[in-house]
Amino acid sequence: METFIQYTINGIITGLIYALVAIGFNIIYSSVRIVNFAQGEFIMLGGVVEFYLLGLGWPVFLSLLVSSVFVGVVGILVYFIFIKNTKRPTELSLIILTIGISVLIRGVTMVIFGKNAYPVGNFLSFESINLANLTFSSQYLVVFFVVVFLVGILFWFFSKTLTGKLFLASSLNPLACRLFGVNVSNLSAMSFFISGLVGAIGGAVIAPISFVKYDMGLMFGLKGFAASVVGGFGNNIGAVVGGLVIGISESLAAGYVSSSYKDMVAFVVMIAVLFIAPEGIFGSKDVERV
């Protein structure tokens, strides 16, 4: 029983990070109808910049803040340099473009920081916590509370504030928004900023658990995409549920079957859900397939 609890808690922590990636997908998709496959690189950049600033002796909170804003600005640059300047964009061309951006960010990071994996210390002063006779890294607490806080803030922003509702309105009818004086282009850029910010925070808090490497964002991005599909693309509650389903399934499979199959589980779960409910667990049947 203790082993099962250990695997489940490990899966919850990993699943929360997948949920953050999935929410990043949703923010951009819900605002500009783009599936951004560079989302995993936002996670990686957050971890790498956090590692670099901590190495300079910066305090944890300040390095977390600066690394998150930095990646958010990278998101804005991605929008204005690549997405906005695409001639006659189609859904397929934009997907291919974001894959290219992902490879570009990964390559530049590899050139600057090399191919090594770098350790990052826990954010808290104590190394471990004891729960039900089990010992976990203290970083699990940081991941849990940061992700829960972020999900709550994002839910409030998109459902309760006028700006948040404008994001959704601009994706449904951008022409009407322009007629009412809304700057749709700035809203789209802001969606990339928020998505980068959220991804970077996820990368920074998971860094002490998973190490930091130039290609760490690849699997996080793919599994976050799978979590978004499982939960229902565009639904943030679904993203959290999808992330937890994949994270726990992955951890149990790695623990009871073999860690060799760990990376395969997310996609097996995604395919199974697509067969049973193509719109995802919380998805709308009106979601446009791309």
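**Labels and their grounds**

Me: Why is V269 called buried?
Reply: V269 has a relative accessibility of 15%. Buried means under 20%, so V269 counts as buried. Keep in mind that this is a predicted model.

Me: Where does V269 lie, and which residues is V269 in contact with?
Reply: V269 lies in helix α11, residues 262–276. Leaving aside neighbours within four places in sequence, V269 is in contact with V230, V245, I246 and S249. The C-alpha atoms of V269 and V229 are separated by 10.0 Å, and these two residues are 40 apart along the chain.

Me: How do you know whether S251 is buried or exposed?
Reply: The relative accessible area of S251 is 13%. The limit for buried is under 20%, so S251 is buried. S251 is found in helix α10, residues 236–256. Not counting residues up to four places away in sequence, S251 touches Y7, N10 and G11.

Me: How many helices and strands does the protein chain have, and how do they run?
Reply: There are 11 helices and two strands. From the N terminus on, the elements run α-α-α-α-β-β-α-α-α-α-α-α-α.

Me: What makes the protein chain as compact as a globular protein of that length?
Reply: The radius of gyration is 19 Å. The globule rule gives 19 Å for 290 residues. The two values are close, so the chain is as compact as a globular protein of that length. Along its principal axes, the C-alpha trace spans about 60 × 50 × 35 Å.

Me: What are the overall values for burial, contacts, surface and charge?
Reply: Buried residues make up 47% of the 290 residues. Among contacts between residues at least 6 apart in sequence, 74% join residues at least 24 apart. The accessible surface comes to about 13,900 Å², and 70% of that belongs to carbon and sulfur atoms. The mean positions of the 14 positive and 11 negative charges are 12 Å apart.

Me: How many aromatic pairs does the structure hold?
Reply: The structure holds 14 aromatic pairs.

Me: Why is the pair of F51 and Y118 called stacked?
Reply: The ring centres of F51 and Y118 are 4.6 Å apart, and the planes meet at 20°. Rings pair if their centres lie within 6.5 Å, and planes under 30 degrees apart count as stacked. So the pair of F51 and Y118 is stacked.

Me: Which parts of the chain does that pair link?
Reply: The pair links distant parts of the chain, 67 residues apart. F51 is in helix α2, residues 39–55. Y118 is in the loop between α4 (91–113) and β1 (128–131).

Me: What makes the pair of F144 and F145 edge-to-face?
Reply: The ring centres of F144 and F145 are 5.3 Å apart, and their planes are at 85°. Planes over 60 degrees apart count as edge-to-face, so the pair of F144 and F145 is edge-to-face.

Me: Which residues do ring pairs link into a cluster?
Reply: Ring pairs link F25, Y29, F37, F225 and F233 into a cluster.

Me: What makes F211 worth a look?
Reply: F211 has a positive phi of about 70° although it is not a glycine. Most residues other than glycine have a negative phi. F211 is found in the loop between α8 (184–210) and α9 (216–231). Its relative accessible area is 43%, so F211 is partly exposed.

Me: Which residues does A117 touch, and why is A117 called partly exposed?
Reply: Not counting residues up to four places away in sequence, A117 touches F211, V212 and K213. A117 lies in the loop between α4 and β1. Its relative accessibility is 46%, so A117 counts as partly exposed. A117 and Y214 are 97 residues apart in sequence and 7.9 Å apart in space, C-alpha to C-alpha.

Notes:
Residues are numbered from 1 along each chain as its sequence is written. This is a predicted model: local features need pLDDT of at least 70, side-chain atom pairs count only at pLDDT 80 or more; totals for chains, interfaces and linings use all residues. Side-chain values use heavy atoms; hydrogens and water are left out. Helices (H or I, at least four residues) and strands (E, at least two) are DSSP runs, numbered from the N terminus. The radius of gyration is taken over C-alpha atoms; the globule rule is 2.2 Å times the number of residues to the power 0.38. Buried means under 20% relative accessible area, exposed over 50%, partly exposed in between (1.4 Å probe, protein chains only). Contact means heavy atoms within 4.5 Å. Accessible areas come from the Shrake-Rupley method with a 1.4 Å probe; for residues, only the protein chains shown count as cover. Lys and Arg count as positive and Asp and Glu as negative; His and the chain ends are not counted. The place of a charge is taken as NZ of Lys, CZ of Arg, CG of Asp or CD of Glu. Rings of Phe, Tyr and Trp (its six-membered ring) pair if their centres lie within 6.5 Å; planes under 30 degrees apart count as stacked, over 60 as edge-to-face and the rest as tilted.
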